[in-house]
Amino acid sequence: MMQLTDSDFNRLVRFMQENYGINLKQKRLLINSRLSASLQAQGYTSFKKFVDDLLNRRDGKQVEFLLNKLTTNYTYFMREKEHYDYFMKVILPEITQKNKKKKVLSIWSAGCSTGEEPYNISMCIKEYLGTQASAWDTRVLATDISQRVLIEAQDPSYQLPADVSPAWRSKYFIKRNDGSDMYTITPELRKNVIFRTFNLMEPIRFKLKFDVIFCRNVMIYFEQSTKDALIQRFYDATNPGGYLLIGHSENISKESAYHTVRPAIFRKE
């Protein structure tokens with residue numbers, strides 16, 4: 001196994017922190033174990049050569065390789081189900097009433113991974129609006145830094161947890177005909193999600209401000225100052241009365257301008 005020197009470790013940590021907000025200061029053993037064999041397979045004989053190439057070339061494929069190796073895209077349908085319950089019972093009634101004239105919902109799944117979250121959000125919206133859904137623009141913006149997961153999300157194959165009801169399975173999923181227990185998404189639901197590559201370290205300059213931002217279990221990789229800056233950008237990109245939902249294992253600073261509604265749910269007054 002190749003060994004990571006102090007110099008190469010520090011350069012790699014600094015590159016990931018400055019460009020992607022990912023804090024690897026305590027991850028030296030993980031970096032060494034997850035990268036060594038793959039780098040040797042690519043022909044590298046040392047971490048120094050790889051880090052030199054990474055910093056000098058800024059090659060998109062190498063960055064993608066690094067992100068995929070050092071972060072975990074773990075997600076599933078109905079994850080943190082309490083959020084979806086609150087979304088349907090409280091948030092959707094509020095924002096549909098507020099937007100009833102223009103009939104547009106502006107919702108962002110930031111760090112969408114392989115698509116379960118934005119598709120799940122879309123299902124909740126369709127269920128809530130019922131026969132009125134076709135009269136609304138309910139498209140969900142779904143972004144991630146990883147091209148690989150976005151490609152997978154647009155041609156998905158999922159194993160569904162028990163929390164997905166039989167009614168939703170039949171309405172929003174199609175059983176694959178390959179003998180497996182995997183499902184794909186109905187064409188109608190796929191059309192309701194717009195996938196885009198986006199680095200959360202960048203300025204947020206989308207056309208519309210958002211009624212709801214889901215950014216769950218993404219900031220676990222960020223140090224506090226990076227999180228604080230991102231939360232402020234989210235706040236600036238949120239409509240008055242809009243919401244931010246984060247993962248239950250995450251937190252935001254008490255100095256944040258958002259008002260705490262309940263654990264992991266925040267509102268812009």
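**Note on the pockets and aromatic contacts of the model**

1. Strands β2 (140-144) and β5 (193-197) each supply at least two residues of the lining of the second largest pocket. The model under review is a predicted one. The volume of this second largest pocket is about 340 Å³. Its lining comprises 14 residues, of which S106, L141, I194, L208 and F210 are the closest to the pocket centre. Sorted by class, the lining of the second largest pocket holds nine nonpolar residues, one polar residue and four charged residues.

2. As to the overall architecture, the protein contains 10 helices and nine strands. Its C-alpha trace spans about 60 × 55 × 30 Å along the principal axes. The radius of gyration is 20 Å, which agrees with the value near 18 Å that a compact globule of 269 residues would have. Of the 269 residues, 51% are buried.

3. A pair of aromatic rings is described by the distance of the centres and the angle of the planes. The count for this protein comes to 19 aromatic pairs. One of these is formed by F15 and Y20: the ring centres lie 5.9 Å apart and the planes meet at 65°, so the arrangement is edge-to-face, given that an angle over 60 degrees counts as such. Both F15 and Y20 are buried.

4. Y119 and Y158 form a further edge-to-face pair, with 6.5 Å from centre to centre and 70° between the planes. This pair links distant parts of the chain, as the two residues are 39 residues apart. Y119 belongs to helix α6 (residues 116-129), whereas Y158 lies in the loop between α7 (147-154) and α8 (166-172). With a relative accessible area of 1%, Y119 is buried. Y158 has a relative accessibility of 5% and therefore also counts as buried, the cut-off being under 20%.

5. Ring pairs join F77, Y119, Y158, F173, Y183 and F195 into a cluster. One member of this cluster, Y183, also has a charged neighbour: the charged end of K175 sits over the Y183 ring, at 5.7 Å from the ring centre.

6. A charge over a ring is also found at Y235, where K268 lies over the face of the ring at 4.5 Å from the ring centre.

How values were computed:
Residues numbered from 1 in each chain as written. Predicted model: local features only at pLDDT ≥ 70, side-chain atom pairs only at ≥ 80, totals over all residues. Heavy atoms only, no water. Phe/Tyr/Trp six-rings, centres within 6.5 Å; stacked < 30°, edge-to-face > 60°. Buried < 20%, exposed > 50% of the residue type's maximum accessible area, 1.4 Å probe, protein only. Helix = DSSP H or I, 4+ residues; strand = E, 2+ residues; numbered from the N terminus. Lys NZ or Arg CZ within 6 Å of the ring centre and 35° of its normal. 1 Å grid on protein atoms, 1.4 Å probe; cavity = no way out; pocket = protein on both sides within 12 Å on 5 of 7 lines; lining within 4 Å. Points joined across faces, edges and corners; volume = space filled by probe spheres on them. Nonpolar A, V, L, I, M, F, W, Y, C, P; charged D, E, K, R; others polar. Rg over C-alpha atoms; globule rule 2.2 N^0.38 Å.
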